[in-house]
Amino acid sequence: MAGAGSRVFISHLSGLPVFDPNGDQVGRVRDVVVSLRIGGRPPRVLGLVVEVIGRRRIFLPMTRVTSLESGQVLATGVINLRRFEQRPSETLVLAELLDRTVVRTKTDEEVTVLDVAMVQARLREWEVRKVFVQVGRVGRLRKARGETLTLDWSELTGFSLAEEGQGAANLLATFEQLRPADLANVMHHLSAKRRAEVAAALDDDRLADVLEELPEDDQIEIIGKLKEERAADVLEAMDPDDAADLLSDLPEEDAERLLRLMEPEDAASVRRLLSYEEDTAGGLMTTEPIVLEPDATVAEALARVRIAENKPALAAQVYVCRPPNETPTGKYLGTVHFQRLLREPPFTLVGSLVDDDLDPLPPDTPLPLVTSYLAAYNLVAAPVVDEADHLVGAVTVDDVLDHLLPEDWREASLHAAESETVHG
């Protein structure tokens with residue numbers, strides 16, 4: 001992937017081949033999906049529309065794109081082959097933005113959009129910041145010969161959402177910068193109809209983050225109003241332990257139907273969690289800790305820790321195991337805390353730094369013992385290892401707190417936040 005600040009004109013992406021992690025071509029880019037924002041702010045790039053065999057069009061999130069260089073697109077992880085369905089809050093660049101007539105605010109003259117450029121703001125996060133335009137209206141064959149300019153997105157009007165009358169899309173744009181817990185507070189106090197509209201407009205990753213912060217009743221209501229294919233996509237985007245908690249609250253036949261619609265790899269992780277008692281290390285853990293082989297370097301470990309999608313508790317340490325690197329792993333060797341990583345030279349092998357003094361937790365460890373383990377050793381996360389010495393997951397302090405607090409703690413905290421907003 002090109003570094004932060006790299007600029008890519010979106011028309012140049014059209015038709016580029018897309019390759020999976022094995023080097024096999026899965027399709028070609030047909031469009032780019034963005035989310036417009038109010039106030040002239042640059043749109044956020046959500047992902048690519050990719051045409052696969054059979055002319056089916058699928059969605060590839062930008063978080064799965066590792067490279068846009070050398071005339072090809074490289075993707076990581078499992079590619080979801082479900083058909084792409086555009087949502088109310090989404091805009092297709094090639095289909096809807098190019099050739100649009102907009103207004104240059106500085107001169108009040110009409111210009112025609114010929115291309116737009118996206119810029120990498122940070123790792124795997126892109127925004128549309130530049131617009132290549134031609135002065136005046138351009139006919140269907142673009143034969144007009146007006147002056148061409150490259151302008152900042154903020155220098156043009158006619159793109160962004162209006163401040164009024166945009167329904168759920170305007171609400172989403174208004175609260176875009178909120179943390180998931182704060183957006184959950186907003187959604188909790190909406191009417192059921194409005195809540196469903198906002199959920200339908202959120203992208204899968206954002207909705208997954210918000211669902212994890214909502215009370216159980218709201219989670220069940222929202223997931224129940226989504227199309228089953230969309231609900232499965234959102235469950236895949238959730239942390240496996242949170243997805244398992246939500247599915248365990250649904251009728252068994254509904255949960256099983258959603259599990260069958262999920263990608264097999266994601267469903268397998270959730271099924272494994274559902275097989276453990278809820279108040280045990282196995283029922284509390286996440287199946288996606290940071291796993292490295294012993295011959296990985298400190299530099300590689302720190303690169304993994306720095307990934308923004310990692311929650312702080314999971315990024316506090318890496319787990320060193322023999323391959324395979326997905327849970328359940330090969331033989332568990334030990335952990336390395338990120339503070340130790342910061343003290344060592346980048347070329348040092350993590351296998352030489354492992355801390356194996358503490359016994360890992362068996363999956364059937366009850367909640368009180370998990371709590372005392374974390375407290376006694378001042379840990380924010382702990383490895384969970386089965387009888388065959390395979391790492392099956394990690395328990396984090398936030399998951400433990402979720403189960404120690406009263407069942408209605410989320411709802412109580414949301415009402416407290418509302419009261420503070422009103423009376424503060």
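The following legends describe an overview and close-up views of a predicted model.

Residues are numbered from 1 along each chain as its sequence is written, and side-chain values use heavy atoms, with hydrogens and water left out. Because the model is predicted, local features need pLDDT of at least 70 and side-chain atom pairs count only at pLDDT 80 or more, whereas totals for chains, interfaces and linings use all residues.

**Figure 1. Overview of the chain, with 16 helices and 18 strands.** Helices (H or I, at least four residues) and strands (E, at least two) are DSSP runs, numbered from the N terminus. Of the 424 residues in the chain, 46% are buried (under 20% relative accessible area; exposed is over 50% and partly exposed in between, with a 1.4 Å probe and protein chains only). Among contacts (heavy atoms within 4.5 Å) with a separation of 6 or more, 58% join residues 24 or more positions apart. The accessible surface comes to about 21000 Å², and carbon and sulfur atoms hold 49% of that surface; areas come from the Shrake-Rupley method with a 1.4 Å probe.

**Figure 2. Stacked rings of Trp 153 and Phe 159.** The structure holds 3 aromatic pairs. In the pair formed by Trp 153 and Phe 159, the ring centres are 4.2 Å apart and the planes lie at 20°, so the pair is stacked. Rings of Phe, Tyr and Trp (its six-membered ring) pair if their centres lie within 6.5 Å; planes under 30 degrees apart count as stacked, over 60 as edge-to-face and the rest as tilted. Trp 153 is buried at 1% relative accessibility, and Phe 159 is buried at 5%.

**Figure 3. Edge-to-face rings of Tyr 373 and Tyr 377.** The centres of these rings are 5.3 Å apart and the planes are at 70°, so the pair is edge-to-face. Tyr 373 counts as buried at 12% relative accessibility, whereas Tyr 377 is partly exposed at 44%.

**Figure 4. Nonpolar surface patch including Val 380.** Val 380, Val 397, Leu 401, Leu 404 and Leu 405 make a patch of about 370 Å². Such patches consist of residues with over 30% relative accessible area and no salt bridge, nonpolar side chains (Val, Leu, Ile, Met, Phe, Trp, Tyr) being joined within 5 Å. A salt bridge is a side-chain nitrogen of Lys or Arg within 4 Å of a carboxyl oxygen of Asp or Glu. Val 380 lies in the loop between α14 (367-376) and β17 (381-385) and is partly exposed at 36%.

**Figure 5. Buried Arg 272 without a salt bridge.** Arg 272 belongs to helix α10 (residues 264-274). The nearest side chain of opposite charge, Glu 326, is 7.8 Å away; Lys and Arg count as positive and Asp and Glu as negative, while His and the chain ends are not counted. Leaving aside residues up to four places away in sequence, Arg 272 touches Thr 287, Thr 327, Pro 328 and Val 392.

Conventions
Patches are made of residues with over 30% relative accessible area and no salt bridge: like charges are joined within 9 Å, nonpolar side chains (Val, Leu, Ile, Met, Phe, Trp, Tyr) within 5 Å.
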